[in-house]
Amino acid sequence: MEAFYRDLHSHPELSMQEGQTAAKVARWLERCGYEVTPGVGRHGVVGVLRNGPGPTVLLRADMDALPVEEKTGRPDASHVRAKDAGGGTVPVMHACGHDVHVTCLVGVAELLATARHHWRGTLMMVAQPAEETLQGARAMMRDHLYERFGRPDVALAQHVGPLQVGFIGHHKGASMMASANVRVRIFGKGGHGSQPHLAVDPVVIAAYLVTRLQTIVSREVDLAAGGAVISVGSLHAGSRSNVIPDEAVLEMTVRTPTDALQKQVLDAITRMAKAECEAGRSPRPPEVEVMSRTRVMVNDDSYFTRVRSAHAAWFGEDHIVDPGMASGSEDFPSFDGRTSGEGARAEVPLVYWYFGGTSHEAWKRAPGKTFMEKLQSLPSNHSPLFDPSLDSLRFGCESMLLAALACLGEEPRAETSAGGVH
């Protein structure tokens, strides 16, 4: 597993480019006896192992890396550079720990395949592309994941983070915020920088819009609703100091604690973009595009209790922490099987938890006296310094294995089995 992990870490792939990673996962699952189907939702891999009557349990790991330059100094550090979706060349790093997730998935797949006498039911191993761009889970569902491989009784996923190895993070109910990535294209009228009266400057309109958007959070969102975040992460316009460009493009992320609030904020962004363009004499209305989005991640109460109880029994109640609702987001909610609109009932229960990736030595060295001070001082996900310990591989396998066994059926004991022991 360590060799497999180091190989993934050294050869990361961007979202929707995970062909080599997918092939490695497929080979491992095939060797373990799974029925393997690659190319689901472009690069997704599905491995199915049937072991008699019982529940179907989906275990999911995300495969994609980030356009981040690694600065960990590890001997297996990534030096990969690749073309992103826009055609630019960027560094690539597993800065979110998806290489750990995939390694744990194949490790658990092998453990369960070699210990079939301990469980019954059907395993559905899912290696998912493009979590970082919130595309992959939906792509697999649009490729008829459940119609082709069966609808699971529960779907499980986990995420490594800067918690100390040995600690598990569980939060009941809504555990991660809804997220949307939005692009706004503002149209102007190009001209000479010395004659702005003859042009329509989209940069000025964009600048006003960036600041105006913050009033959605401060003046339109009820504080009791839990707040929201709008962060403009990209603003591009023009190429010369003395040329007024004819368009400006903003890209932003939106985070909300409820799906209803997400809709309210997205509607407000469209309204403000149109109003600013009209105020700035834009020759045409802006183009507002929701590039990707995901719902709030909600843990199913019944299966959450099963998984949390299994973790507490094995690792100890004092090793279970409640991180609260995370401002981060996931596309894992797409696996709940909803096919209708807003407010539709989930058809597949979901459980999502966090597990520690920081070694005991690194945790001791981390500045701070309290648990939270140490946690906040460590490099976290998406940092170029994010460096999960090798100990997290065994720990992540244990946490996923325990969760799976808590949801699978137990093999009947010899004295009660009519058909004898398998």
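Ser392 is buried, with a relative accessible area of 0%; buried denotes under 20% relative accessible area, exposed over 50%, and partly exposed the range in between, with a 1.4 Å probe and protein chains only. The residue lies in helix 11, where helices (H or I, at least four residues) and strands (E, at least two) are DSSP runs numbered from the N terminus. The side chain of Ser392 reaches the backbone oxygen of Ser389 at 2.5 Å. Such a polar contact is a pair of N or O atoms within 3.5 Å; within protein, one must be able to donate a hydrogen and the other to accept it, and residues adjacent in sequence count only if both atoms are side-chain atoms. Not counting residues up to four places away in sequence, Ser392 touches Val100, Cys104, Val160, Val165, Phe355, Gly356 and Gly357, a contact being heavy atoms within 4.5 Å.

This is a predicted model, in which local features need pLDDT of at least 70 and side-chain atom pairs count only at pLDDT 80 or more, whereas totals for chains, interfaces and linings use all residues. Residues are numbered from 1 along each chain as its sequence is written, and side-chain values use heavy atoms, with hydrogens and water left out. The protein averages a pLDDT of 94, and 95% of the residues score at least 70; pLDDT is the predictor's confidence in each residue, from 0 to 100. Over residues 414–422 pLDDT stays under 50, and for this stretch the model has 4 contacts beyond four places in sequence.

Helix 11 (391–407) also takes part in the surroundings of helix 1: the buried residues of helix 1 pack against helix 11, helix 2 (19–31) and helix 3 (98–113). Within helix 1 (residues 2–10), the buried residues are Phe4, Tyr5, Leu8, His9 and Ser10.

Two of these partners, helix 2 and helix 3, also pack against each other. Their angle is about 10 degrees and their axes are 9 Å apart; axes are lines fitted to C-alpha atoms, for helices over the stretch in contact, and angles run from 0 to 180 degrees between N-to-C directions. Helix 2 and helix 3 are therefore roughly parallel to each other, since angles under 35 degrees count as roughly parallel, over 145 as roughly antiparallel, 65 to 115 as roughly perpendicular and the rest as oblique. Helix 2 contributes Val25, Trp28, Leu29 and Arg31 to the contact, and helix 3 contributes Val102, Val106, Ala109 and Glu110. These residues divide into 6 nonpolar, no polar and 2 charged, where Ala, Val, Leu, Ile, Met, Phe, Trp, Tyr, Cys and Pro count as nonpolar, Asp, Glu, Lys and Arg as charged, and the others, Gly among them, as polar.

The loop between helix 1 and helix 2 holds Met16, which counts as buried at 12% relative accessibility. Phi of Met16 is near 65 degrees, a positive value in a residue other than glycine. Most residues other than glycine have a negative phi. Ala130 likewise has a positive phi, of about 50 degrees, although it is not a glycine. Ala130 is buried, with a relative accessible area of 0%, and is placed in the loop between strand 6 and helix 4.

Glu131 also belongs to the loop between strand 6 (121–128) and helix 4 (136–142), and counts as buried at 4% relative accessibility. Leaving aside neighbours within four places in sequence, Glu131 is in contact with Arg60, Asp62, Asp64, His98, Ser329, Glu330 and Asp331.

His171 occupies the loop between strand 8 (168–169) and strand 9 (174–176) and is buried, with a relative accessible area of 18%. The side chains of His171 and Asp322 are joined by a polar contact of 2.7 Å. Asp322 is also among the residues that His171 touches, together with Asn299, Phe304, Pro323, Gly324 and Met325, not counting residues up to four places away in sequence.

Pro384, in the loop between helix 10 (371–377) and helix 11, is partly exposed, with a relative accessible area of 25%. Apart from neighbours within four places in sequence, Pro384 is in contact with Val68, Glu69, Glu70, Lys71, Thr72 and Met93.
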